[in-house]
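Subject: Structure for you to look at

Hello,

Here is the structure I said I would pass on. Please open it and keep it beside you while you read my notes.

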Amino acid sequence: MNAPARYDRQIILPEIGESGQDKLTKAKVLVIGAGGLAAAILPYLAATGVGEIGIVDDDLIEISNLHRQVIYKSSSIGKYKVEEAKAMMFGLNPLVKVNAIREKLSGKNAIYLFSKYDIIVDATDNIAIKYLINDACLVTNKPMVYGSIFRFQGQVSVFNYQNGPTYRCLYPNENNDAEGCEDAGVIGISVGIIGMLQASEVIKMILETGDVLSGKILVYSILNNDQQKYDFEKNYILLMDKKAFEEKYNRIENKGEEINFESVFNEINNDEVLFLDVRNEDELPKISLKNQIQIPLKNLETQIQKWDKSQIIYVFCQSGIRSKVAVELLQKREFKNVKSISGGAVAMKQLLKSLTSDFID
């Protein structure tokens, strides 16, 4: 192989060489999420010369993303993340093939997508999606490069690598109530460090060199520069084939049914319907509907004790993630008519703006 001059400085490393660069060129990596973690992962995978990189995300860029999702510009606000990420990566390295997959990962598409790639990278901030990624990796026998952020601390590990421990071995209980960065807060530096560590694990696996974080979790805090590594063992066996996987996740996803705001727009003045905003009070855009109340997700359970469980409730958040958690919580409390508005306040703003400015600030 005659590698381009752009790779000269890494080819001279004994652990890489031209044979290693050839491995990178032939590798296929799928990154789930195009947010803060991906903003660190994607440029380094592209610059290193990973041959084919897929990005799965259906979110639009918001102004609140820019302090940590540093591959996007202010001029990109309102555009799809995957499309802007692809353009950035092409500008960085036009030799790399980038597949912008403008979809939300689900039980319906995970197996199909994962089967086309060698390594799956979790760049999400949603606990339920992490379990979905883990289980789809088990069905397709792909390694999962895990990253997670909580305020100033981050975690990195590699699951299902050469039949090693999985995400469920470390976190066997599906707790979907953990706060995301919208609720807990996050600083961009934390996300950048963890994302680069994830990219490093991907490169090591492709090159078959170094010690992969399989059976180990690295915990890093930027406040005091503490870095600790803990061992864990394989203690959870998921007996699941493709059919069982699809049945499980189709059942879960149908339970938390989503609707488009456009389909319920004519209900915004109906006193028998409640639009529930589970965002924090300082989040934008502000949306003001006649039959709307705002209760942050972390406070929701303590506020619903005396609510009518037969009331029709449409739940929204910023982009449609926390609202699903809220719907699940309400359904567990026996609320019968609860649905999540897909795309959240961002999608609602676009429709309201096209019709009238009375409902948004």
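Is Arg-168 buried or exposed? Arg-168 counts as buried, because its relative accessibility is 2%. The terms work as follows: buried means under 20% relative accessible area, exposed means over 50%, and partly exposed lies in between, with a 1.4 Å probe and protein chains only.

Two notes on the source. This is a predicted model, in which local features need pLDDT of at least 70 and side-chain atom pairs count only at pLDDT 80 or more, while totals for chains, interfaces and linings use all residues. Residues are numbered from 1 along each chain as its sequence is written, and side-chain values use heavy atoms, with hydrogens and water left out.

Salt bridges

Side chains of opposite charge can pair when their charged atoms come close. A salt bridge here is a side-chain nitrogen of Lys or Arg within 4 Å of a carboxyl oxygen of Asp or Glu. Searching the whole structure gives 15 salt bridges. One of them joins Arg-168 to Asp-135, at 2.7 Å from N to O. This pair links distant parts of the chain, with Asp-135 in helix α6 (residues 127-140) and Arg-168 in helix α7 (residues 167-170), 33 residues apart. Helices (H or I, at least four residues) and strands (E, at least two) are DSSP runs numbered from the N terminus. Asp-135 also counts as buried, since its relative accessibility is 0%.

Another salt bridge is formed by Lys-130 and Asp-122, whose closest N and O atoms are 2.5 Å apart. Both Lys-130 and Asp-122 are buried. For a contrast, look at Lys-290 and Asp-271, which are both exposed. Their salt bridge has its closest N and O atoms 3.9 Å apart. Lys-290 lies in the loop between β10 (273-277) and β11 (292-294), and Asp-271 in the loop between β9 (258-259) and β10, 19 residues apart. Salt bridges with shared partners also join Lys-28, Glu-52 and Lys-97 into one network.

Cysteines

How many disulfides does a search of the whole structure find? The search finds 0, a disulfide being a pair of cysteine sulfur atoms within 2.5 Å. For Cys-137 the nearest cysteine sulfur is that of Cys-169, 13 Å away. Cys-137 counts as buried, because its relative accessibility is 1%. Cys-169 is buried too, with a relative accessible area of 7%.

Domains and sheet

The protein chain is divided into domain 1 (3-250) and domain 2 (258-358), with bounds that come from an automatic or database domain assignment. Their centres, taken over C-alpha atoms, are 30 Å apart.

An open sheet is formed by 5 strands in the order β9-β13-β12-β10-β11, with parallel pairing. β9 and β11 stand at the edges with a single partner strand each, so one side of each has no neighbour in the sheet. Two strands pair if DSSP finds at least two bridges between them. β10 and β12 (residues 312-316) pair in the parallel sense over 5 bridges. Asp-277 stands opposite Phe-316 in β12.

One residue in detail

Thr-48 belongs to helix α3 (residues 36-48) and counts as buried at 14% relative accessibility. Its side chain reaches the backbone oxygen of Tyr-44 at 2.5 Å. Leaving out residues up to four places away in sequence, Thr-48 touches Tyr-7, Gln-10, Gln-21, Leu-24 and Ile-203, where contact means heavy atoms within 4.5 Å.

Regards

Methods:
A polar contact is a pair of N or O atoms within 3.5 Å; within protein, one must be able to donate a hydrogen and the other to accept it, and residues adjacent in sequence count only if both atoms are side-chain atoms.
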